[in-house]
Amino acid sequence: MARKKLSALASPFQGRWRIAEMDLWDNQALDLVEPAFLEIRGQEGEMRFIAITAWLDIRYDARAGGPLAEFSWEGVDEGDQRSGRGWVAPGTAGRLVGHLYFHMGDDSGFVCEPW
């Protein structure tokens with residue numbers, strides 16, 4: 001299926017971002033396998049932290065006067081299938097702030113910095 005043309009709402013999110021902090025896990029845990037990151041490429045993306053690799057399906061919108069990227073995700077955590085949803089929005093000082101939800105499981109806020 002063909003992807004829609006990206007709107008101007010997508011531009012603040014594009015690129016690779018370093019996951020600098022998460023509410024539920026400390027920084028040492030985040031970088032267990034490799035440095036934690038979020039990468040956004042149009043309507044697709046990837047997120048890695050701890051032993052989790054997640055592939056994102058992203059949609060863009062505007063809420064509360066600013067752009068928002070909402071996503072569903074599926075991936076693996078130490079070989080086990082996982083899925084969920086989340087969102088990310090521009091924060092202060094060039095950062096992104098967001099929240100990640102595991103289907104029927106944990107959830108955590110997170111902050112990303114440009115990488």
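**Figure 1. Glu-39 and Glu-46 face each other across two strands.** In this predicted model, Glu-39 stands opposite Glu-46, a residue of strand 3. The two strands concerned are strand 2, residues 37–41, and strand 3, residues 44–49. They pair in the antiparallel sense, and five bridges link them. In general, the strands of a sheet are held in pairs by backbone hydrogen bonds, and the pairing may be parallel or antiparallel.

Figure 2. Glu-46 belongs to strand 3. Glu-46 counts as buried because its relative accessibility is 12%, and the cut-off for buried is under 20%. Its side chain makes a polar contact with the side chain of Arg-48, at 2.5 Å. Leaving out residues up to four places away in sequence, Glu-46 touches Phe-37, Leu-38, Glu-39 and Arg-41, and also Thr-53, Ala-54, Trp-55 and Leu-56. Of these, Glu-39 is the residue that stands opposite Glu-46.

Figure 3. The chain contains one helix and eight strands. Read from the N terminus, its elements follow the order β-α-β-β-β-β-β-β-β. The eight strands close into a barrel in the order 1-2-3-4-5-6-7-8, with antiparallel pairing. From one strand to the next, the twist averages 30°.

**Figure 4. The loop at Glu-78.** Glu-78 lies in the loop between strand 5 (66–77) and strand 6 (80–90). Its phi is positive, about 50°, although Glu-78 is not a glycine. Most residues other than glycine have a negative phi. Glu-78 counts as exposed because its relative accessibility is 66%, and the cut-off for exposed is over 50%.

Figure 5. With a relative accessibility of 79%, Met-104 counts as exposed.

**Figure 6. Trp-115 and its contacts.** Trp-115 is in the segment after strand 8. At 52% relative accessibility, Trp-115 counts as exposed. Trp-115 and Arg-16 are 99 residues apart along the chain, yet their C-alpha atoms are separated by 6.0 Å. Apart from neighbours within four places in sequence, Trp-115 is in contact with Arg-16, Trp-17 and Arg-18, as well as with Pro-35, Ala-36 and Phe-37. Phe-37 is also among the residues that Glu-46 touches.

**Figure 7. The chain as a whole.** The chain has a radius of gyration of 13 Å, which agrees with the value near 13 Å for a compact globule of 115 residues. Its C-alpha atoms fill a box of roughly 35 × 35 × 25 Å along the principal axes. Buried residues make up 41% of the 115 residues. The accessible surface comes to about 6,700 Å², and 50% of this surface belongs to carbon and sulfur atoms. Of the contacts between residues at least 6 apart in sequence, 36% join residues at least 24 apart.

Technical notes. Residues numbered from 1 in each chain as written. Predicted model: local features only at pLDDT ≥ 70, side-chain atom pairs only at ≥ 80, totals over all residues. Heavy atoms only, no water. Pairing = 2+ DSSP bridges. Helix = DSSP H or I, 4+ residues; strand = E, 2+ residues; numbered from the N terminus. Axes fitted to C-alpha atoms, helices over the stretch in contact; angles between N-to-C directions. Buried < 20%, exposed > 50% of the residue type's maximum accessible area, 1.4 Å probe, protein only. Polar contact = N/O pair within 3.5 Å; in protein donor to acceptor, adjacent residues only side chain to side chain. Contact = heavy atoms within 4.5 Å. Rg over C-alpha atoms; globule rule 2.2 N^0.38 Å. Areas by Shrake-Rupley, 256 points an atom, 1.4 Å probe, with all protein chains shown as cover.
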